[in-house]
Amino acid sequence: MSVGQQLRRARITFGLDFDHIVRETKIQPWVLEALEADHLHTTMSPIYVRGFLITYARFLGLPPEPLIAQ
């Protein structure tokens with residue numbers, strides 16, 4: 001399962017929508033969508049992708065290290 005699929009599955013499991021996540025994490029909706037679609041790395045520097053991924057994963061209660069390793 002891809003990183004984006006894991007993020008999306010966790011978000012749906014917890015019944016969260018992007019509006020709630022944006023308020024809590026301050027990550028823009030287009031960034032969340034790109035993370036879940038596995039496309040953010042094509043439009044943004046890897047250091048920013050890593051930071052957003054860590055923030056989003058922690059918010060969802062997922063350990064970020066295995067996701068980063070993928």
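Buried residues are here those with under 20% relative accessible area, exposed residues those with over 50%, and partly exposed residues those in between, as found with a 1.4 Å probe on protein chains only. Helices are DSSP runs of H or I with at least four residues, numbered from the N terminus. The structure is a predicted model, in which local features need pLDDT of at least 70 and side-chain atom pairs count only at pLDDT 80 or more, whereas totals for chains, interfaces and linings use all residues. Residues are numbered from 1 along each chain as its sequence is written, and side-chain values use heavy atoms, with hydrogens and water left out.

In helix H1, the buried residues are Val3, Gly4, Leu7, Ala10 and Arg11. These residues lie on the same side of H1, because they cover an arc of only 130 degrees around the axis, the arc being that of the directions from the helix axis to the C-beta atoms. The buried residues of H1 pack against H2, H3, H4 and H5, where contact means heavy atoms within 4.5 Å. Just after H1, glycine 15 takes a positive phi of about 70 degrees.

Arginine 11, placed in helix H1 (residues 3–13), is buried, with a relative accessible area of 11%. When neighbours within four places in sequence are left aside, arginine 11 is in contact with Leu16, Asp17, Phe18, Ile21, Glu36, Tyr56 and Leu60. Leucine 7, with neighbours within four places in sequence again left aside, is in contact with Leu35, Glu36, Leu53, Tyr56, Ala57, Leu60, Leu62 and Leu67.

In helix H2 (residues 18–25), the buried residues include Phe18, Ile21, Val22 and Thr25. They are placed on the same side of H2 because they cover an arc of only 100 degrees around the axis. Asp19, Arg23 and Glu24, on the other side of H2, are exposed. The cover over the buried residues of H2 includes H1, helix H3 (29–36) and H4.

The largest pocket has a volume of about 250 Å³. On a 1 Å grid over the protein atoms alone, a pocket is an open set of points where a 1.4 Å probe fits, with protein on both sides within 12 Å along at least five of seven lines, and lining residues have an atom within 4 Å of a point. Grid points are joined across faces, edges and corners, and the volume is the space filled by probe spheres set on the points. Of the 13 residues that line the largest pocket, Val3, His41, Val49, Leu53 and Leu67 are the closest to its centre. Helix H4 (46–60) and helix H5 (64–69) are the elements that give two or more residues to this lining, and H4 gives the most, with four residues. The lining divides into eight nonpolar, three polar and two charged residues, where Ala, Val, Leu, Ile, Met, Phe, Trp, Tyr, Cys and Pro count as nonpolar, Asp, Glu, Lys and Arg as charged, and the others, Gly among them, as polar.

Valine 49 lies in helix H4 and is buried, with a relative accessible area of 14%. Not counting residues up to four places away in sequence, valine 49 touches Leu40, His41 and Met44. Isoleucine 47, also found in helix H4, is by contrast exposed, with a relative accessible area of 59%.

Backbone angles were also examined in the loops. Most residues other than glycine have a negative phi. Lysine 26, in the loop between H2 and H3, has a positive phi of about 65 degrees although it is not a glycine, and this residue is exposed, with a relative accessible area of 64%. Aspartate 38, in the loop between H3 and H4, has a positive phi of about 60 degrees and is likewise not a glycine; at 28% relative accessibility, aspartate 38 counts as partly exposed.
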